[in-house]
Amino acid sequence: MSATVDVDNPTPSQRAAAIEQLRDKLSDEVNSYCSDLVRYRDIWRFSVARQLDTEKAAVMINAWYEWRKQANVDDLAVAQPDNENPVPCAVRGYSAVADANVTAGIGVDDAQLRLTRTLGGGCWHKRDRDGRPVYIERAGRHIIKDIPKTSSTSGLIEFHVLLQEFLTRTLLPECSQLAEETVWQQVVVIDLAGVSLVALSHIPALNMLREMLARDQMLYPERMYRTYVVNAPPVFITAWKMIRSWLDPRVISKIQILGKDHAELLDQIPAHNLPSFLGGSCKCSHMPGGCVPSVPLGNYPDLPRSAYAHLRHQVQISYTEPRHSFVCETMPVGNGPTPMSSPLMGYAGWLGIKRDSPRNSAPTSPAPMRTQHVFVRFSTDRGRGVVVEVLWQPLGSDSLDDGTLVYPEALFEPQRAPVLLELEAPNRAGQLVVNWRVANFDEGQAPFPRPEEAQIPIQLEYSVDTEDELLTAFSLPPIKRS
């Protein structure tokens, strides 16, 4: 292959020629494994990683194939539309899986929860201007000294592999479909706000990072389009000199180190897809923790496994009886919502109702209203997901026109892992109505159930609590909202 080929902008014929040259160097077994479209593109990634040197690329791809076989990587429980596996980290703005935070579901082991509690917070958050998935890591909030105590290097690498497989199998295919062209790389934003010199010089954690980066470059080359390191303090320069010695020159060329002035992120990511704490306009206020939930930052409740084990109410919904409502009274701060003796078994919401009459999307009082926070925990044992909507009505009113839409309808997938929602209810006497319904067949990407499966009831379990009730019950610190 000619050295004049621009590997970042090859012609279709140049790419095809490079792939065929590398395939000639591979065994029939490896070629058979790489026969589908996704693996065919993997051959190109390895070619680019070795600058189209077929001998070096063949060594690399053979090692990658042996590793995948020995580690049973293809058998990992990766969240995809056609299964009920939990997401490996927070997700915002995709349809292959619904928006979610990591919660202590059956499929989430304790090792992953320990990592979640020491890492500063990571989230695949929407897309860049060219349709690539964007991954944001609040690395400045890592509890660095605790990472080696709560996880081994192999455990950290296993977690990183799960993240990469989720990107490869779930997010990139969706992004490619939307872009109507192959999207095979992601954009990464590493936010160092809050990082300290002590954290940047913690040798055990740095050794773990070095091993993870080495594996990443060998097993998932060319998955990164560009990385932006933002809010980098002056002390980071010393650490960066060491870290860059671990990286391939091509990887280094894709990394931009920025300080507090990182306005150029908006050249890569549109404002509505960029969190407000990074200079965008997105807040993801529909999710606890906002755009990037962080246990160390304390911006959402880190509930233990027991918080989802025994939820207060259990009901059945189905495709023939798809709706359920729960009503509780709200009182001014100091009293809080008082759950009714039993949930309302009928239906009291706007979900599925033709919306011809006007309704308010904010409190009608001309003066700003104080609000109180209410949390809803819920899970299901099967299904394609549920749609949730929450409204509030003044006490004594029976008209939907008097209501306030507290939480517009949104799809969640509690069959993967329990869901925790945070609501802001007006700080007045009234009724809070939480509505659930089974997702319609045109909502989400989960496959349709077979006729016999559609007859099986879905078990919905839930609890509704004020913020004080929730934090007190599980001995949690106050939530730090930005």
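These points cover confidence, cores and salt bridges in a predicted model.

1. Ground rules. Residues are numbered from 1 along each chain as its sequence is written. Local features need pLDDT of at least 70, side-chain atom pairs count only at pLDDT 80 or more, totals for chains, interfaces and linings use all residues, and side-chain values use heavy atoms, without hydrogens and water.

2. Confidence. pLDDT is the predictor's confidence in each residue, from 0 to 100. Its mean over the chain is 88, and 91% of residues reach 70 or more. Over residues 336–369 it stays under 50.

3. Cores. A nonpolar core joins buried Ala, Val, Leu, Ile, Met, Phe, Trp, Tyr and Cys residues through side-chain atoms within 4.5 Å. Buried means under 20% relative accessible area, exposed over 50%, partly exposed in between (1.4 Å probe, protein chains only). The largest core has 73 residues. Trp64, Trp124, Phe166 and Phe236 have the most contacts inside it (heavy atoms within 4.5 Å). Helix 7 (residues 153–179) gives the largest share, 11 residues. Helices are DSSP runs of H or I, at least four residues, numbered from the N terminus. Apart from this core lies another, of 28 residues, including Trp436.

4. Salt bridges. There are 28 (Lys or Arg side-chain nitrogen within 4 Å of an Asp or Glu carboxyl oxygen). Glutamate 165 pairs with arginine 68 at 3.0 Å, N to O. These two sit 97 residues apart, in helix 7 and helix 4 (residues 54–70). Glutamate 165 is buried at 1%, and arginine 68 at 3%.

5. A second partner. Glutamate 165 also bridges to arginine 169, at 2.9 Å. Because they are four residues apart in helix 7, about one helical turn separates them.
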